[in-house]
Amino acid sequence: MLNFESRVGPDFGANGPSYPDAGVPEWYRDAKLGFFVHWGLYSVPAWGTPTGTRNVPAEDAYAHHQYAEWYGNTVRIKGSPTWERHQDVYGTGTSYEDLADHWNADAFDPQAFVGSLVDAGARYVIPTTKHHEGFCLWGTETTPFNAVNRGPKRDLISEIARETRAAGARFGVYFSGALDWHVSDFPPIESDTDLFRFRRNDERFARYSAAQLEELIERFEPDILWNDIDWPDGGKGHDPYAVAALLERYLDAIPHGVVNDRWGVPYHGFITREYRHVEDIIEQPWESTRGLGYSFGYNQVEGPEHTLSGDALIRLLVDVVSKNGNLLINVGPRADGSIPELQQQSMAAMGSWLRGNGEAIYGTRPWRRAGESGQAVSYTQNAGKLYLQASDPATGEAALPAEYCGGTAVHWLGQGGSQPAEVLAATPGSGARLVVPESLRGEAVAVAVLADPLA
């Protein structure tokens, strides 16, 4: 997967536009956990090739795309599994855009939906306002191809924004800046080269994208602008509809706002890593993002073997936060607006764990190192406290850092309240260790708190 912060262009040299001062606000760094919501026309067929557990040749990866939200592209690749299945299910002659008339969101209760995300620990929520398919989930004036005119006949973004803020969480918007298959006439994308070749870069499209993003900013005042896969090159100069001017106006209007790194220009807020394991602390603020399965959009053929369990999700969160990152985990609702049970189970497990251990996550910063080589522990720190997170508590013990000073009080967190920790003194062959209480040995991660020896 690409590192978007380093993929920029065209190079204007000394004539490049000026950008606002880069920065990532403290509220974002404190939040640690957000929820993506991928929901669109692709949720109707809800189908992709679940390739995460088997090998697919690189040249066939786009024809066997694991992302269900890429259905609108994959269905145009002749002979692909999606191309075959679409005709079997919907009939030859039914276009992807015809699926708008199949979309009924009658089970969508925005208050309950957002409530489940916040219960799972979300401090911010980012729905897809327009994915690459070009279908807008708000009542835009730029195109009739939107959820108010067709399909659900509802302003879904307005509903999610209202309930997110009512629940006390921050609200952001995902927007596909450079890809919009509804207003393009290119062949299907079949490689990473095509990803940046088969897209519109003309001024008309740059103005179209800018008008849509300006609408989102004016109507919803988003705390986060999460752009995806670049911006049309025709909108990267000094013009009022170009990225530099858009971001300047956005941050003037919303000084606490933050942006990501996928604009294709030499400016970013936090950087993103998608379905990637990061080995160590990244000094600049970053965000790990992935689905609960191998797809962001709901994929009906994914089962438990493709889905993060509650324990795996908790361990992922702990690992990302120990390395200075936020986790933006995705929920992919069904077309009707309900959250699949497999996703609900993992979300509920994480929310339950955070209710007992959230102080080791929210508001923390990385310690001098993320963890210990060969040991199932990781660290975060805040206000003079060091949080030791043991990700294999079933072993009954957890290594203390070499800097630990004997006699320092240590206690365990958990839903049952704090409890004192038993410390095993260092021996010639082993450093000091903690005994994990029996009551915590079944947890995904057990958290101990001690005074930061480096504070």
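For the residue classes used here, Ala, Val, Leu, Ile, Met, Phe, Trp, Tyr, Cys and Pro count as nonpolar, Asp, Glu, Lys and Arg as charged, and the others, Gly among them, as polar. The structure described is a predicted model.

**Cavity**

The structure holds one cavity of 30 Å³ or more. The space in this largest cavity comes to about 40 Å³. Its lining is made up of Tyr-28, Arg-29, Lys-32, Pro-285, Trp-286, Asn-324, Gly-325 and Asn-326. Two elements, H1 and strand E8 (325-331), each give two or more residues to that lining. Sorted by class, the lining has three nonpolar, three polar and two charged residues.

**Salt bridges**

Side chains of opposite charge can pair when their charged atoms come close. In this model the count comes to 30 salt bridges.

| Pair | Closest N and O atoms |
|---|---|
| Arg-273 and Glu-5 | 2.9 Å |
| Glu-159 and Arg-154 | 2.7 Å |
| Glu-359 and Lys-385 | 3.9 Å |

Arg-273 forms its salt bridge with Glu-5. This pair links distant parts of the chain, 268 residues apart: Arg-273 is in strand E6 (residues 271-274), while Glu-5 is in the segment before helix H1 (26-31). With a relative accessible area of 8%, Arg-273 is buried.

In the pair of Glu-159 and Arg-154, Glu-159 has a relative accessible area of 13% and is buried. Arg-154 has 22% and is partly exposed. The two residues fall in separate classes because buried means under 20% relative accessible area.

The salt bridge of Glu-359 with Lys-385 has its closest N and O atoms 3.9 Å apart. Glu-359 lies in the loop between helix H10 (341-357) and strand E9 (377-382), and Lys-385 in strand E10 (residues 385-390), so the pair ties together parts that are 26 residues apart in sequence. Glu-359 is partly exposed at 36% relative accessibility, and Lys-385 is partly exposed with a relative accessible area of 37%.

Salt bridges also join residues into a network, whose members are Arg-7, Arg-199, Asp-230, Asp-233 and Lys-236.

Conventions
Residues numbered from 1 in each chain as written. Predicted model: local features only at pLDDT ≥ 70, side-chain atom pairs only at ≥ 80, totals over all residues. Heavy atoms only, no water. Salt bridge = Lys/Arg side-chain N within 4 Å of Asp/Glu carboxyl O. Helix = DSSP H or I, 4+ residues; strand = E, 2+ residues; numbered from the N terminus. Buried < 20%, exposed > 50% of the residue type's maximum accessible area, 1.4 Å probe, protein only. 1 Å grid on protein atoms, 1.4 Å probe; cavity = no way out; pocket = protein on both sides within 12 Å on 5 of 7 lines; lining within 4 Å. Points joined across faces, edges and corners; volume = space filled by probe spheres on them.
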